[in-house]
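Colleague: I am new to this structure and would like a close look at a single part. Please take me through the place where the two chains meet.

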Amino acid sequence: MAPAVTKKIVDYTDSELIARYLRDQNTMYFTVLYRRYAGKVFAKCISMLADEGQARDATQDIFIKVLLNLAKFTEQSSFSTWVYSITYNYCIDMIRKKKKMPLLFTEDVGKVSRETDPEIPDSVLLEMKQERLEKVIDRLPPGDKAILMMKYIDDMQIREIGDVLGKTESAVKMQIMRAKQRSQVIYDELYSNDPIENN
Amino acid sequence: MKNNFQQWQSDFERIPPEIEDRVLQQAKTFAAFGKVVEVFVPNALGAVALMIGGEAPMRPVAHGPAEHLTDDVPLWRIPPGRDH
C-alpha cells in the first residue's frame, strides 16, 4: 500500500495558510507567511524610509497590521500584492508625518511633464548599472520611488498600483511616465560627464 | 532572472531575527486574548442580561433532561431495540 502523502506546511499556498490560521488561530501558519514575505517587506521599508531602525519598526507594525486584518483579505488580489500595498501605504504615511511639506510625487517638485513629452522607454531604467540606479532612485520623491518599485520589482498591474495609491489607471500611467522622466533628469545630472556605463 | 531593480532590492532582504521574535510573540498574545474573549464574553453578557432582568442566552446543555433529546441520535448511542 502506498504511504499517504502529507503536504508539508511550508508547501501550503498563501490562501491555505490564511484559511488554517483563521480557523485554528495557530501561529505556526502565520509564521510561514511571515517568513515568506518579511525579507521583501523589510527591503521595501529600507528603500522607502532610508533608515534601518525605522525599517525594523515599520516591518513589525506592518506584520501586526497584516495579522489583525487577515480576516478582511478577500483574495481580489494575490496575498503578496495585498501585503506590499499595506507596506507602501504605511511607508508613505510615515514619510508624510515626518515631513510637514512632503514631496511625494514629481509634480510636487515643480517639473510637471506634459502628455506630449516623449515617453522614456523601460530599458533606460532596466539597463542602468545597479549602483547608479540605487543613487537615482534614492533622489526621487517617495511617491515616484514607490510607483517605480511597484512596477519594476513587484510586477504589479496598473490597476493594482491605482488601488494602492487611490488613483485612476490614467493617473498611474501619467505618474509612471513622470517618475521615469525625473529619473532620467537625475541620471543626467549625476552622470552626464561620465561615459555611458550600463550593466 | 532578476532585473536590476529586483537585484537592488534583494541586497536588503536580510531581516534581523529579533523582529520575527517580536512579531510572533504579539501574534501569540493576540491568539490567547482571542480565546479568552471567546470563552468569557458570552458568559459576561449572559450575567449582565440576568442582572438587568432579562434571560441568559440559551447554551447547549451537556447532560440535559431526556425531553431535550431529538431523533438525531448519534449512531453510537442508538438505544437497544430501536431501528436506524
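**The interface of chain A and chain B**

Chain A and chain B bury about 2,900 Å² between them, 65% of it on carbon and sulfur atoms; buried area is the accessible area (1.4 Å probe) that two parts lose on being put together, summed over both. On the side of chain A, the residues that lose the most area to chain B are A:Y34, A:Q60 and A:Q130, together 20% of what that side buries.

This is a predicted model, in which local features need pLDDT of at least 70 and side-chain atom pairs count only at pLDDT 80 or more, while totals for chains, interfaces and linings use all residues. Residues are numbered from 1 along each chain as its sequence is written, chains are lettered from A and ligands numbered from 1 in the order in which they are written, and side-chain values use heavy atoms, with hydrogens and water left out.

In contacts (heavy atoms within 4.5 Å), 38 residues of chain A meet 25 residues of chain B.

There are three salt bridges between chain A and chain B, a salt bridge being a side-chain nitrogen of Lys or Arg within 4 Å of a carboxyl oxygen of Asp or Glu. A:K40 forms a salt bridge with B:E13, with the closest N and O atoms 3.8 Å apart.

The elements giving two or more residues to the side of chain A that touches chain B are α2 (27-49), α3 (52-68), α6 (122-126), α7 and α8 of chain A; helices are DSSP runs of H or I, at least four residues, numbered from the N terminus. α2(A) gives the most, with 13 residues.
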